[in-house]
Amino acid sequence: MNASVKTTTKTLKWIMARLVLHQDIQQKLRKDIASRRASGDHTMTCGGRRRRPFMEAIVLEALRLHPPAHYLLAHTTDKDATLDNYVIPKGSIMNFGVASIGQDATLWTDPDVFRPERFVEREEGSGVRCTTGGSDSGPETKKMMLFGAGQRACPGAWIAMMVLHSFVEDLVRRLIGFRLLVGWMHPSTW
Ligand code: HEM
């Protein structure tokens, strides 16, 4: 299967598994979806992601804990570089351990806990977006680089995020009683 489809479906599965395990968050999301739709907001556009901060937070938190790519593609340096006290000579092959960055206890409180609110409370997750390179890759986004950063960042990030919003919203709205799905969804059965 195409890698981009695989990473997106893998993430979808993790999000749904997390919603099964965290029924309180699932209920909160369900209410959020219902109130938005009651106010006539049915659109699923990329810009509309800003109107769904809780959904965005759930997707980001699932991606933080379960990144489909643990490393970025290998990069190389075209000149000598210094990072903290380390000198990285020109021509070095660089790998970025994005999975470890997302779970670094010096950056995130209780990194093992699934708590989407960290992305909506404007605290530690504030400023984290899915980058698509260019001007959208400020230093704060480096706290979580699941789609890479800078010019070679994933160009499909916005599509992936939109697809995830859309699928999760549809599944949560249509499937009642997620507990029944635990047997299928629970990570221990994968
Ligand atoms: C949750 C879903 C996805 C994740 C986590 C993800 C993550 C990544 C990562 C980490 C990279 C490497 C960036 C780097 O090394 O700096 C990448 C590259 C890439 N991704 Fe994605 N991706 C996802 C979905 C998609 C989708 C849906 C598409 C296409 C529609 C896509 C297309 C690409 C392409 C073409 C590249 C290579 C870019 C380049 O080398 O310049 N990805 N992705």
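Begin by selecting C154, which sits in the loop between helix α4 (98-102) and helix α5 (157-174), where helices are DSSP runs of H or I of at least four residues, strands are runs of E of at least two, and both are numbered from the N terminus. The model is a predicted one, in which local features need pLDDT of at least 70 and side-chain atom pairs count only at pLDDT 80 or more, while totals for chains, interfaces and linings use all residues. Residues are numbered from 1 along each chain as its sequence is written.

Staying on C154, note that an unreviewed UniProt entry places the feature "binding site" there, and that such annotations may be inferred rather than shown by experiment. C154 counts as buried because 22 other C-beta atoms lie within 10 Å, the cut-off being 20 or more, with C-beta atoms placed from the backbone.

Now select helix α2 (residues 23-38) and helix α3 (residues 53-65), whose axes come within 9 Å and cross at roughly 145 degrees, the axes being lines fitted to C-alpha atoms over the stretch in contact and the angles running from 0 to 180 degrees between N-to-C directions. To display this contact, pick I25, K28, L29 and D32 on α2, together with F54, M55 and I58 on α3.

Finally, show the whole protein, which has six helices and four strands, arranged along the sequence as α-α-α-β-β-β-β-α-α-α.

Note on methods. Contact = placed C-beta atoms within 7 Å. Buried ≥ 20, exposed ≤ 12 C-beta atoms within 10 Å, placed from the backbone.
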